[in-house]
Structures are given as C-alpha cells and as structure tokens.
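Dear colleague,

I am passing on the structure below, followed by some notes on what was found in it. Please read the notes with the coordinates open beside you.

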Amino acid sequence: MAVYVSNIIIESGTTFDSVFEFEDFADESAFDLTDQTVSAQIRKHPNSSSAVSFASTITSASEGKISIELSPTQTASLKQGRYVYDVVIESTGGKKTKIVEGSAIVRPGVTR
C-alpha cells in the first residue's frame, strides 16, 4: 500500500478531527482494516522526542475508514507553526504500515 500524503491545519484551542477512507489500488475496493489497530502522532519534526498522540480509531474496518482526533486541550498545548504527523496501522501479527503522513500547520486561536 502506498503512503497517502495529506496536509492538515489545526486551529489551536479547538477540537481537530479528520476521517480517512482507504481503497485498494488494484481494484478500487475499500481497503479492509479488519484485525488492524491504528495509532497516530504529531511532532515538531520527525526526530523530536516529544509527541502528541491523536485519539485514533478504525470507524469502519470493512469500508477502510479511520478517524483521528485531538481535544481542545491538546491543540491548545501545541505552539503555532509547522509540524509533521503520520498514521500507522498494525496487524495482529505485529506488522506496522504507515498509511498517511503529512505536514500539520497549527494556527493560533483568538477566542478563549
């Protein structure tokens, strides 16, 4: 499976959520995520020791849908600027596959 690139914008102090829907490139059917788990993190740069983890869930395994979310408290803790993030699935056998990566821009909020 190829890595899908999706750049995101996160508004500080608000809930961020995004849904990804994956398909099998061979026949354009939904990519089956049965028996997989998902995790996702955002960091200032790939080698940064500190990360914020998204709440990551497979919302429909048979339809290839994954949801990631950050709470208002989590987004408020991020300083404005550019970050990187990725989404990784893991099979029950322990094989990890990166399926989404991209840049994340954190923009400051005004309303508190």
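In which strand is glutamate 21 found? Glutamate 21 is found in strand S3, residues 16–21, where strands (E, at least two residues) and helices (H or I, at least four) are DSSP runs numbered from the N terminus. Before going further, please note that this is a predicted model, in which local features need pLDDT of at least 70 and side-chain atom pairs count only at pLDDT 80 or more, while totals for chains, interfaces and linings use all residues. Residues are numbered from 1 along each chain as its sequence is written, and side-chain values use heavy atoms, with hydrogens and water left out.

Glutamate 21 is exposed, because its relative accessible area is 58% (buried means under 20%, exposed over 50%, and partly exposed in between, with a 1.4 Å probe and protein chains only). The areas come from the Shrake-Rupley method with that 1.4 Å probe, and for residues only the protein chains shown count as cover. Together with Glu23, Asp24, Asp27 and Glu28, Glu21 forms a negative surface patch. Patches are made of residues with over 30% relative accessible area and no salt bridge, like charges being joined within 9 Å and nonpolar side chains (Val, Leu, Ile, Met, Phe, Trp, Tyr) within 5 Å. Asp and Glu count as negative and Lys and Arg as positive, whereas His and the chain ends are not counted; the place of a charge is taken as NZ of Lys, CZ of Arg, CG of Asp or CD of Glu.

On salt bridges (a side-chain nitrogen of Lys or Arg within 4 Å of a carboxyl oxygen of Asp or Glu), a search of the whole structure finds 3. In one of them the side chains of glutamate 11 and arginine 107 meet at 2.5 Å, N to O, and this pair links distant parts of the chain, since glutamate 11 belongs to strand S2 and arginine 107 to strand S9 (residues 96–107), 96 residues apart. Glutamate 11 is partly exposed at 28% relative accessible area, as is arginine 107 at 40%. Another joins lysine 65 and glutamate 63 at 3.4 Å, N to O, and a further one pairs glutamate 101 with lysine 98, their closest N and O atoms being 2.9 Å apart. Glutamate 101 counts as partly exposed, with 29% relative accessibility.

Is serine 6 buried or exposed? Serine 6 counts as buried, because its relative accessibility is 14%. Neighbours within four places in sequence aside, serine 6 is in contact (heavy atoms within 4.5 Å) with Phe20, Tyr85, Val100, Glu101, Gly102 and Ser103.

Histidine 45, in the loop between strand S4 (36–43) and strand S5 (52–53), is partly exposed with a relative accessible area of 40%, and its C-alpha is separated by 6.1 Å from that of tyrosine 83, 38 residues apart along the chain. Aspartate 35, in the loop between S3 and S4, has a positive phi of about 65 degrees although it is not a glycine, and aspartate 35 is exposed, with a relative accessible area of 56%.
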